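Please open the model in your viewer, with the sequence panel beside it, and keep a selection tool at hand. The tour moves from one selection to the next and says what is to be found at each stop.

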Amino acid sequence: MKHLKSIALLALAIVATIGIWGCNQEEPEPLQVISIELFSTGAAGIHLPGALVNYPSRLYPVELVTDTAVLSVEVERVAALLIRPDTLDSVPSGQRIRYPLEVFNYGNGPDVPDITIDTGRVDWTHRLVDKDGINDLADTDFDGIPDLDTLPGLVGGVPGFETFYLDVTPPYWALPDLFDSTIVYARSSINDSVYDSAIVVTRTRNMYESIDTLNLRVQFQGTGEACITWHEIFRCEHRIHTEYWDIDTSGIYTSHRDYSRFTIHDHTVWVTVQDEDSTLLATSDTVFVQWE
């Protein structure tokens, strides 16, 4: 019996020793993630700041994390127009003078330049004509203003380009050395605050004489048929006298008109020359035949 008590006490001592050892043994610290950083895989190379974490890896395994960033850039449309040239010229009263004008689009995209004019002489005739020189300038975008249709923007240093004409006609009764100053505007349809302008100045250049006969001399080169038209205006009436010349060799051809029968009214005279296809070849100066 005494032997059995000794064995029991020894067993209790062993168990107590094991228990004490077990209580003093520290558990291993779990694996932790101290920090993590993400870097964009996009071309912009955006850096995303890292965030501190403290997740046991056995509960939250670390995986490879990627992200992308997309940058959208919108380029604003910029309008830039140029119209040229500024011009000064003269024309006989009652005659038309035609001015060629050019418009350039230096903007970064297509534009429809609206064309308008501002003139101080409302009794003179002004007309905007298309690049073919035949029809009035059209309103292609239907905003009520004539324009040059769509011009491309600046590409490779080369601007979009178009031409048109301004016709100016002083009245036949206009005195010599009168001036008309017309401002021609090219205005952007993208931004109507963007525009450029050209100044066109026209002077009348009549000749005043008291004569009975007017002589005409025309020098031709080549051969063909020519139509010579005498334009005569008196008492607000426009009369014409037409001659047809057979030009059989290059040289000077002459004609004349007798105005001694006009004994009551002053009148204005000029001459136009056309070929057999009715193409205008030349226009003379205007002569004011004065009655005494």
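Begin by selecting R203 and D177, whose side chains meet in a salt bridge with an N to O distance of 2.8 Å; a salt bridge here is a side-chain nitrogen of Lys or Arg within 4 Å of a carboxyl oxygen of Asp or Glu. R203 belongs to strand β10 and D177 to the loop between β8 and β9, so this pair ties together parts that are 26 residues apart in sequence. Strands are DSSP runs (E, at least two residues; helices are H or I, at least four), numbered from the N terminus. R203 is partly exposed, with a relative accessible area of 25%, and D177 is also partly exposed, at 48%; the classes are buried for under 20% relative accessible area, exposed for over 50%, and partly exposed in between, with a 1.4 Å probe and protein chains only.

Before going further, note that this is a predicted model, in which local features need pLDDT of at least 70 and side-chain atom pairs count only at pLDDT 80 or more, while totals for chains, interfaces and linings use all residues. Residues are numbered from 1 along each chain as its sequence is written, and side-chain values use heavy atoms, with hydrogens and water left out.

Next, select T204, which is placed in strand β10 (residues 195-204) and is buried, with a relative accessible area of 0%. Its side chain makes polar contacts (pairs of N or O atoms within 3.5 Å, where within protein one must be able to donate a hydrogen and the other to accept it, and residues adjacent in sequence count only if both atoms are side-chain atoms). The side chain of T204 reaches the backbone oxygen of L175 at 2.6 Å and the backbone nitrogen of L178 at 2.9 Å. If neighbours within four places in sequence are left aside, the residues in contact with T204 (heavy atoms within 4.5 Å) include V91, W124, P170 and D177.

From T204, follow β10 to its pairing with β9, where 9 bridges join the two strands in an antiparallel run; strands count as paired if DSSP finds at least two bridges between them. Select I183 to see the residue that stands opposite I199 in β10. Strand β9 (residues 179-187) is also joined by 6 bridges to strand β6 (residues 114-119), again antiparallel, and T116 has Y185 in β9 as its bridge partner.

Now display the open sheet of 4 strands, which has the order β3-β5-β8-β7 with antiparallel pairing. Why is one side of β3 (81-84) and of β7 (125-129) left without a neighbour in the sheet? Both stand at the edges, each with a single partner strand, so one side of each has no neighbour there. The twist averages 25° from one strand to the next, where axes are lines fitted to C-alpha atoms (for helices over the stretch in contact) and angles run from 0 to 180 degrees between N-to-C directions.

The next stop concerns charged pairs, and the structure holds 7 salt bridges. Select D167 and R96, whose closest N and O atoms are 3.8 Å apart. D167 lies in strand β8 (residues 160-169) and R96 in the loop between β4 (87-91) and β5, so the pair ties together parts that are 71 residues apart in sequence. D167 is buried at 3% relative accessible area, whereas R96 is partly exposed at 47%.

Then select E162 and K131, a salt bridge with its closest N and O atoms 3.5 Å apart. E162 is in strand β8 and K131 in the loop between β7 and β8, 31 residues apart. E162 counts as buried at 17% relative accessibility, and K131 as partly exposed at 46%.

Finish with the nonpolar cores, each a set of buried Ala, Val, Leu, Ile, Met, Phe, Trp, Tyr and Cys residues joined through side-chain atoms within 4.5 Å. The largest has 19 residues, of which I83, L101, V103, I115, F164, L166 and V184 touch the most other members. The elements giving two or more residues to this core are β5, β8, β9 and β10, and β5 gives the most, with 4 residues. Apart from this core lies another, of 16 residues, among them W245, I247, V269 and V271.
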